[in-house]
Amino acid sequence: MATKVYIVYYSMYGHVEKLAEEIRKGAASVEGVEAKLWQVPETLPEEVLGKMSAPPKSDVPIITPDQLTDADGLVFGFPTRYGMMAAQFKAFLDATGGLWRSQQLAGKPAGLFFSTGSQGGGQETTALTAITQLVHHGMIFVPIGYTFGAGMFEMEKVKGGSPYGAGTFAGDGSRQPTELELEQAFHQGKYIAAITKKLKGGAA
């Protein structure tokens, strides 16, 4: 039976979605792993999104909390708001109370990725503050550490991401994820998929 890795994200302007797509490719590159993209529900009305110049959402399916239990491993992605996850993703996690009470997500490996507006905008704090959500569910946080190798030490180019997970800088919205940032996202997907597969294979 295939190992299922779900990449669950919220993306307002597409930056997080681009990282999610690469993470999916990386996870799917591991033999025996089935990787799937999911979006969390939008909480803002269309009128407000229009005023914010947010583009239409893609056709990636919307996930419900109960569907999280189908995954063997999860990777959560979101933009930052003042150094923490966006409210849309927090609202989704707030709806997982039933799963928390029954601890249905306990023991599942989970990773994080993110997008910030600036270099000091939360490439570490966004993940650090999100870990509390994983802890209460009993999930196993899987950071990428420095397994991305030389790419983690890039100093000549602006690069998002941290040992916590893949990341990008959106700036005023015009900046798109760079090739190096996308490579790091692919690596994260491949890395967590391999760990998820190993954990599933060793299950009692």
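**Cavity lining.** I looked up which element gives the largest share of the lining of the largest cavity, and I found helix α5 (residues 125-137), with three residues. Helices here are DSSP runs of H or I with at least four residues, strands are runs of E with at least two, and both are numbered from the N terminus. The model is predicted: local features need pLDDT of at least 70, side-chain atom pairs count only at pLDDT 80 or more, and totals for chains, interfaces and linings use all residues. Residues are numbered from 1 along each chain as its sequence is written, and side-chain values use heavy atoms, with hydrogens and water left out.

I listed the lining: Leu68, Phe76, Leu93, Leu105, Gln133, Leu134, His137 and Met139. A lining residue has an atom within 4 Å of a cavity point; cavity points lie on a 1 Å grid over the protein atoms alone, where a 1.4 Å probe fits but cannot get out. I noted about 40 Å³ of space in this cavity. Grid points are joined across faces, edges and corners, and the volume is the space filled by probe spheres set on them.

**Glu181.** I found Glu181 in helix α6 (residues 179-201). Is Glu181 buried or exposed? Glu181 is buried, with a relative accessible area of 0%. Buried means under 20% and exposed over 50%, with partly exposed in between (1.4 Å probe, protein chains only).

I then checked its side chain, which makes a polar contact with the side chain of Arg175 (3.2 Å). Such a contact is a pair of N or O atoms within 3.5 Å; within protein, one must be able to donate a hydrogen and the other to accept it, and residues adjacent in sequence count only if both atoms are side-chain atoms.

Terms used
On a 1 Å grid over the protein atoms alone, a cavity is a set of points where a 1.4 Å probe fits but cannot get out, and a pocket is an open set with protein on both sides within 12 Å along at least five of seven lines; lining residues have an atom within 4 Å of a point.
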